[in-house]
Amino acid sequence: MEIFAHRGASGNYPENTIAAFKEAARLPVFGVEFDVHMTADGELVVIHDELIDRTSDGTGYVKDMSIADLKNHDFGSWFSSEFQGATIPTLPEVLDVFDSTDHKLNIELKSDIFPYEGMVEKVLDLIEARRMESRVIISSFDHAAIQSVKQLNPHIETAALFMEVLVHPLDYLHKIPADALHILFPAAFRPSIAEVISSGMPVRTFTVNDETYAKTLKQAGVQAIFTDYPEKMHSFLLSFK
């Protein structure tokens with residue numbers, strides 16, 4: 001079963017920071033997952049929340065701030081004083097970390113709350129300029145964004161994100177269309193998701209930090225997990241046959 005470092009190695013480092021990504025890049029795991037928003041001046045930045053309040057010393061919405069404003073804030077001290085001074089990374093800065101690795105890069109477009117006009121095009125332009133199309137999965141809860149990705153570049157792998165139990169998921173996924181299903185892990189045990197697994201479409205689950213759940217998901221045929229503790233989970237899955 002494949003492992004993605006969720007927001008980088010976010011169990012031991014401040015999530016979605018260069019420190020978390022450098023640790024993930026060091027690990028022999030399959031991939032890394034991170035989230036993209038867009039600033040007021042059109043820059044792509046890597047952060048999970050719409051607000052900077054939880055993971056920085058500032059307040060406010062990413063969409064209302066310039067990249068210069070955001071770079072003035074500390075995104076590490078909330079986690080530990082060891083990471084004081086960490087700044088919000090741009091998408092190009094994160095891609096730089098993985099430029100010389102072979103990790104799969106799951107870029108989640110966080111446009112399900114605010115639509116971020118033009119973000120899909122900016123992300124695709126960057127990926128194409130760096131010739132990273134084969135290394136990328138674009139995922140989102142904003143399924144219209146996934147649809148746009150497929151229209152603009154059919155060769156890039158896409159994944160639809162869901163939190164809830166689904167009815168006839170295959171029909172819906174084909175309609176978007178999406179190449180994979182990313183779902184909150186308890187829902188992965190439902191019969192409807194077993195149908196997706198049986199079809200051969202990749203099913204990946206989040207956020208799995210418990211070894212017992214990882215073992216059960218592997219037995220159920222789930223292709224990959226997103227975890228905050230990629231090194232620990234990698235060691236466990238190597239030992240579990």
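Is L95 buried or exposed? Select it and look: L95 counts as buried, at 1% relative accessibility. Buried means under 20% relative accessible area, exposed means over 50%, and partly exposed lies in between, with a 1.4 Å probe and protein chains only.

**Before you go on**

This is a predicted model, in which local features need pLDDT of at least 70 and side-chain atom pairs count only at pLDDT 80 or more, while totals for chains, interfaces and linings use all residues. Residues are numbered from 1 along each chain as its sequence is written, and side-chain values use heavy atoms, with hydrogens and water left out.

**Stop 1: the whole chain**

Colour by pLDDT, the predictor's confidence in each residue, from 0 to 100. The protein chain averages 97, and 100% of the residues score at least 70. Switch to cartoon. The chain has 9 helices and 9 strands. These are DSSP runs numbered from the N terminus: helices are H or I with at least four residues, strands are E with at least two. Among these elements, helix α9 (residues 230-239) has the lowest mean pLDDT, 94. Strand β3 (residues 44-46) has the highest, 99.

Now show the C-alpha trace. It spans about 50 × 40 × 30 Å along its principal axes. Of the 241 residues, 55% are buried. Contact means heavy atoms within 4.5 Å. Take the contacts with a separation of 6 or more: residues 24 or more positions apart account for 53% of them.

**Stop 2: L95**

Return to L95, in helix α3 (residues 91-97). Leave aside neighbours within four places in sequence. L95 is then in contact with F34, L105, L126, R130 and M132. Next, draw a C-alpha to C-alpha distance from L95 to V203. The two are 24 Å apart in space and 108 residues apart in sequence.

**Stop 3: T158**

Select T158, in strand β6 (residues 157-162). T158 is buried, with a relative accessible area of 0%.

**Stop 4: two peptide bonds**

Most residues other than glycine have a negative phi, and most peptide bonds are trans. P177 sits in the loop between α6 (169-175) and β7. The peptide bond from I176 to P177 is cis, with omega near -5°.

Then move to F206 and T207. A cis peptide bond joins them too, and here omega is about -25°. T207 is in the loop between β8 (203-206) and α8 (211-220).

**Stop 5: two positive phi angles**

Select R131, in the loop between α4 (119-129) and β5 (136-140). R131 is not a glycine, yet its phi is positive, about 55°. At 75% relative accessibility, R131 counts as exposed.

Select H168, in the loop between β6 and α6. This residue is not a glycine either, and its phi is about 50°. H168 is exposed, with a relative accessible area of 56%.

**Stop 6: the largest pocket**

Work on a 1 Å grid over the protein atoms alone. A pocket is an open set of points with protein on both sides within 12 Å along at least five of seven lines; a cavity is a set where a 1.4 Å probe fits but cannot get out. Lining residues have an atom within 4 Å of a point. Points are joined across faces, edges and corners, and a volume is the space filled by probe spheres set on them.

The largest pocket holds about 230 Å³ of space. Of its 17 lining residues, H6, R7, E108, F141 and F206 are the closest to its centre. Strands β2 (31-38), β4 (104-109) and β7 (180-184) each supply at least two lining residues. The lining divides into 6 nonpolar, 6 polar and 5 charged. Nonpolar covers Ala, Val, Leu, Ile, Met, Phe, Trp, Tyr, Cys and Pro; charged covers Asp, Glu, Lys and Arg; the others, Gly among them, are polar.

**Stop 7: the cavity**

How many cavities of 30 Å³ or more are there? The count is 1. The largest cavity holds about 50 Å³ of space. Select its lining: E15, N16, T17, V46, I47, H48, T55, F75 and W78. That set divides into 4 nonpolar, 4 polar and 1 charged.
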